[in-house]
Amino acid sequence: MSRTHTRHGRSRALFLAALATVLATTGGTALAVGDSPGSSTSLAAAARVDNPYAGAKPYVNPEWSANAAAEPGGSAIANQPTGIWLDRIAAIEGAGDSMGLRDHLDEALKQGAGVIQLVIYNLPGRDCSALASNGELGPTEIGKYQTDYIDPIAATLADSKYANLRIVTTVEIDSLPNLVTNTGSRPTATPECDVMKANGNYVKGVGYALRKLGAVPNVYNYVDAGHHGWIGWDDNFAASAQVMYQAATTDGGSVDNVHGFITNTANYSALKENNFKIGDNVNGRSVRESKWVDWNRSVDELSYAQSFRNQLVSTGFKSDIGMLIDTSRNGWGGAARPTGPGPTTDVNTYVEGGRYDRRIHIGNWCNQSGAGLGERPKTAPEAGIDAYVWIKPPGESDGSSKEIPNDEGKGFDRMCDPTYQGNPRNGFNPSGALADAPVSGKWFSAQFRELLKNAYPAL
């Protein structure tokens with residue numbers, strides 16, 4: 001079970017047209033995570049801190065901001081910080097008229113930002129369990145990944161010009177957990193994931209990225225840790241932590257290069273399910289027996305992130321690692337949001353009537369119908385959580401609902417087709433995807449408007 005996302009650049013013309021609107025709504029500056037407008041963002045060069053978000057004004061991507069502000073009501077969130085997705089080699093310099101990495105870093109300095117969020121996302125054989133975000137590098141092109149992708153990024157981030165920026169890198173979404181859940185004799189296995197497990201290039205690639213980027217003093221690496229509806233089962237939980245430890249320590253690497261982990265990136269899992277908890281029983285049956293929970297050990301992302309953090313520490317990661325949770329699209333507000341627990345007729349009516357997450361199946365990941373914006377970015381909201389973040393920019397498609405030719409290596413995945421009736425990775429359920437979606441990373445206006453309408457907390 002997985003979900004994917006890739007970044008696509010935005011028109012500079014659109015940015016210039018809409019930026020004035022954004023600045024007007026924020027008093028001339030973007031609001032910071034954990035800060036108020038006008039607060040200081042001065043940081044000691046290369047001074048590593050426990051939480052890179054604490055006291056730091058985050059960078060607002062002007063390209064995404066312009067798209068958001070151009071939508072009806074979008075200016076209400078156009079000042080929010082989102083992730084910069086470096087999803088191919090061309091994204092480093094900037095493909096077409098889109099901003100490149102150095103453009104974003106320079107703009108962050110102009111904004112007076114203290115922290116910028118990057119997504120490292122270009123592994124060989126990328127996204128082996130889904131086609132919507134297959135990448136440009138073949139399964140064996142580990143050398144090209146290292147020399148043409150990671151090395152130039154690391155060299156740019158190491159420029160002393162950016163030494164006062166805290167650079168948060170979320171490393172290789174949808175990679176390592178696939179080696180556990182989608183390989184071997186499991187019904188969820190794919191031939192592509194078997195290849196990547198056999199050649200070791202996911203482990204080698206992530207390990208190389210952590211070493212090279214971790215060598216830059218002001219870089220904070222957060223490794224992708226899936227989400228509770230993917231890793232939360234007993235046979236996935238400890239095994240996934242072990243694969244992550246293997247990647248961090250491969251080829252002489254160290255856990256010192258891992259500042260933390262991120263869950264729910266570009267996914268829809270609810271942050272907190274308040275109407276039922278894992279220890280509840282209905283008529284003598286555990287919530288874990290319900291069709292929705294299906295013996296998972298967690299019912300939401302917060303409980304999963306906190307428990308998986310403990311597992312990672314026990315596996316060998318440092319005791320002070322922090323977790324990030326992507327809350328960009330997991331609010332599940334609007335008229336369909338339950339106001340209390342479901343009927344106690346049986347455990348299924350109890351869970352079904354009370355759950356906020358209204359997906360047909362927890363394995364559904366592409367452009368989900370009925371989703372809403374979640375908690376706004378926030379620093380240190382809960383124990384062990386460094387921040388709620390919007391790494392997935394709301395309004396950018398997860399994948400096309402039909403095959404669309406493109407030059408970015410992105411395939412067509414039936415999980416993005418609203419007529420698709422599923423596969424083993426979503427229990428053979430309908431996809432729940434919105435119709436008329438563009439290629440992953442392209443602006444999807446209809447989705448953005450639905451996210452605004454269903455936001456929780458409401459806008």
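**Close-up 1. Aspartate 87 is a buried residue in this predicted model.** The relative accessibility of aspartate 87 is 3%. Its side chain meets that of arginine 88 in a salt bridge, with 3.9 Å from N to O. Arginine 88 is also buried, at a relative accessible area of 13%.

**Close-up 2. Aspartate 256 and lysine 318 form a salt bridge.** The closest N and O atoms of this pair are 3.7 Å apart. Aspartate 256 sits in the loop between α10 (234–249) and β5 (260–263), and lysine 318 in the loop between α11 (301–315) and β8 (322–326), so the pair ties together parts that are 62 residues apart in sequence. Aspartate 256 is exposed, with 55% relative accessibility, whereas lysine 318 is partly exposed, at 34%.

**Close-up 3. Lysine 272 and glutamate 382 meet in a salt bridge.** The N to O distance between these side chains is 3.0 Å. Lysine 272 belongs to the loop between β5 and β6 (281–282), and glutamate 382 to strand β9 (residues 378–382); the pair therefore ties together parts that are 110 residues apart in sequence. Lysine 272 is partly exposed, with a relative accessibility of 33%. Glutamate 382 is partly exposed as well, at 29%.

**Close-up 4. Salt bridges link Arg329, Lys392 and Asp398 in a network.** Side chains of opposite charge can pair when their charged atoms come close. In total, the structure contains 17 salt bridges.

Key. Residues numbered from 1 in each chain as written. Predicted model: local features only at pLDDT ≥ 70, side-chain atom pairs only at ≥ 80, totals over all residues. Heavy atoms only, no water. Salt bridge = Lys/Arg side-chain N within 4 Å of Asp/Glu carboxyl O. Buried < 20%, exposed > 50% of the residue type's maximum accessible area, 1.4 Å probe, protein only. Helix = DSSP H or I, 4+ residues; strand = E, 2+ residues; numbered from the N terminus.
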